[in-house]
Amino acid sequence: MINISLPDGSVRQVEPGTTALDIATSISEGLARNVLAAEVNGEVRDPQRPIEGDATLKLLTWNDDEGKRTMWHSSAHLLAEALEALYPGVKFWVGPPLENGFYYDVDFGEHTFTDKDFPKVEQKMMELAKQKSPYIRQEMGKADAIAYFTEKQDEYKLDLLEGLEDGTITFYTQGNFTDLCRGPHMPHTGFVKAAKVMSIAGAYWKGDETKKQLTRVYGITFPKKSELADYLVLLEEAKARDHRKLGKELDLFHFSEKVGQGLPLWLPKGADLRMRLESFLKEAQRRAGYQPVITPHIGNKELYVTSGHYAKYGEDSFQPIHTPAEGEEYLLKPMNCPHHCEIFKARPRSYKDLPVRFAEFGTVYRYEQSGELHGLTRVRGFTQDDAHIFCTVDQVKEEVGKVIDLVLYIFKTLDFVDFIAQVSLRDPENPSKYIGSDENWEKAERAIQEIADEKGLRTVVETGEAAFYGPKLDFMVRDAIGRKWQLGTVQIDYNLPERFELEYVGADNARHRPVMIHRAPFGSMERFVAILIEHCAGKFPLWLTPEQVKILPISDRFNEYAQGVLKVLENHDIRGLIDLRSEKVGKKIRDAELEKVPYMLIVGENESANGTVSVRKQGEGDVGEMSAEDFAARIHAEIAEMLKTN
């Protein structure tokens, strides 16, 4: 007998070879019907595979992220089976699950495939799904796998096999489709009750522009038809919230081909919004003991060679600028941390100085392929809310804890309430991806996991997602319509202090290496503003919005009174303007609503006579009549509540 430990703390004794589905059935047949995958000793795998020894077991359903990923991975195979049935002779490259859905890269050969073909592919997928074909796992040696795909004349799978080590190769078959795959997969195709082909795009084989262009077919599936309908409604909401659309409507930013792709121009309202965000974080950082620094937009290539960034990311940097002086090469700054190391090194440091916290809104430049650029979320020049903390080993946990507190304060203030902390660790199978000793990595990984636990964060561990110099704690936030974004990061680094030979004198009068902590609560100003626009649908918090108030005179006769009201508001540091157009007040109200101005102040005969304003709140309507002074007090009270730090 073997022991199976379940998440509720119970232990079941079963025969070796029992499957996760067998155990689910013993708990509840209803549960068994919903199991998509199983997590056995931390490994996600097919729920129909036998368990041969003692294990911890978690049964994964549609309510679990890994359950969804397993269904969407399996659905990629279902899509491929449908395409193979409809377009004989097609070949496939790779078909991974995504955050929402999946794709498969397809060589259609002589066939033509357009969006007009989507409905028949969806129909075929559902026809195959209803057959409830099991996903059957098969193992074979590499030589046999090569022979199989050689017979099929499939250069794509043969190329994949070439990159695999000798040993056991796994295949999966469902219905009439067989594919090279590691899995895991759900028990059978019948879990799919709704399927949608979303879009197609060109994708070069292996991402190489010199190789053949394949067709990337995107799709998504659901266990209920109603969930697909809800998802399509969500997509329409996402289109309405698209930061590129709202950024143009709200006059926030602009892109110019003459300036260059991926280089945003901030318009006055957008610049005001961005500067207000910077001021908010600068004040929080001041209270937390950070010192501001400023570094150049370029740096000597050797700086980034020393840091290791050039070896890892040289291809993604704007290449060296040669100067007339012999031997000098400069790069547009791709990151700030090497510069901050040099600032720390600028003078002798004592343990009494630590921790030292340097903060900079530093603009960096990275070359992104033009096809990967996307509004403000993927640009070539962006400003990081960067800071680096230099501290002793004993101070690491406290300093990371303070960074976490700062991130949580920002999330609360901006109404990001649904998030999880991702602990990103090394991939032990690819040590060449990282710099530094195993000892330093082990210390850093242990510290970051302990701190996350002590702070009571909901965490998920992602192996292989660490930075090349150290483990990370990334905050994954869900926005107002449920999409997941990475916002806020903190990283522990024992390696750059070694590379730059950073030192401080300890209490023992000996020289020691500091630990370096990287952190950026926003990540980049451009990407954060894009996410904030979509999260708020352009309705920014009152303290942040460029225009807090619009004054609407009902006729030109009251423009002078409106000017007096505006002067009172300006004396109270409230941002407003007057709509002086010769339009009816109803149109002025509608336009102000579309512009997402939080408050409208209507002034006419009664207000002028009474020394008051009639207040309307965006999206809510009439608030009442009050003096301009009382309205200013209302605004400040509302903002104070939003920004309180406790």
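Val 515 of strand E29 is the bridge partner of Cys 391. The strand that holds Val 515 runs over residues 515–520. The model is a predicted one.

**Strand E29 and its partners**
- Strand E22, residues 381–391, pairs with E29 in the antiparallel sense over five bridges.
- Strand E26, residues 484–493, also pairs with E29 in the antiparallel sense, over five bridges.
- In the pairing with E29, Ile 492 has Ile 517 as its bridge partner.

**Burial of E29**
- Because six of its six residues are buried, E29 is largely enclosed by the rest of the structure.
- Val 515, Ile 517 and Arg 519 point to one side of E29, while Met 516, His 518 and Ala 520 point the other way; all are buried.

**Ser 133**
- Ser 133 sits in the loop that connects helix H4 (118–129) with strand E10 (136–141).
- Its relative accessibility is 9%, so Ser 133 counts as buried, the cut-off being under 20%.
- Beyond neighbours within four places in sequence, Ser 133 contacts Gln 174, Gly 175, Pro 187, His 188 and Thr 189.

**Whole protein**
- The protein has 20 helices and 34 strands, and its C-alpha trace spans about 90 × 70 × 60 Å along the principal axes.
- Of its 646 residues, 50% count as buried.
- Among contacts with a separation of 6 or more, 69% join residues 24 or more positions apart.

How values were computed. Residues numbered from 1 in each chain as written. Predicted model: local features only at pLDDT ≥ 70, side-chain atom pairs only at ≥ 80, totals over all residues. Heavy atoms only, no water. Helix = DSSP H or I, 4+ residues; strand = E, 2+ residues; numbered from the N terminus. Buried < 20%, exposed > 50% of the residue type's maximum accessible area, 1.4 Å probe, protein only. Contact = heavy atoms within 4.5 Å. Pairing = 2+ DSSP bridges.
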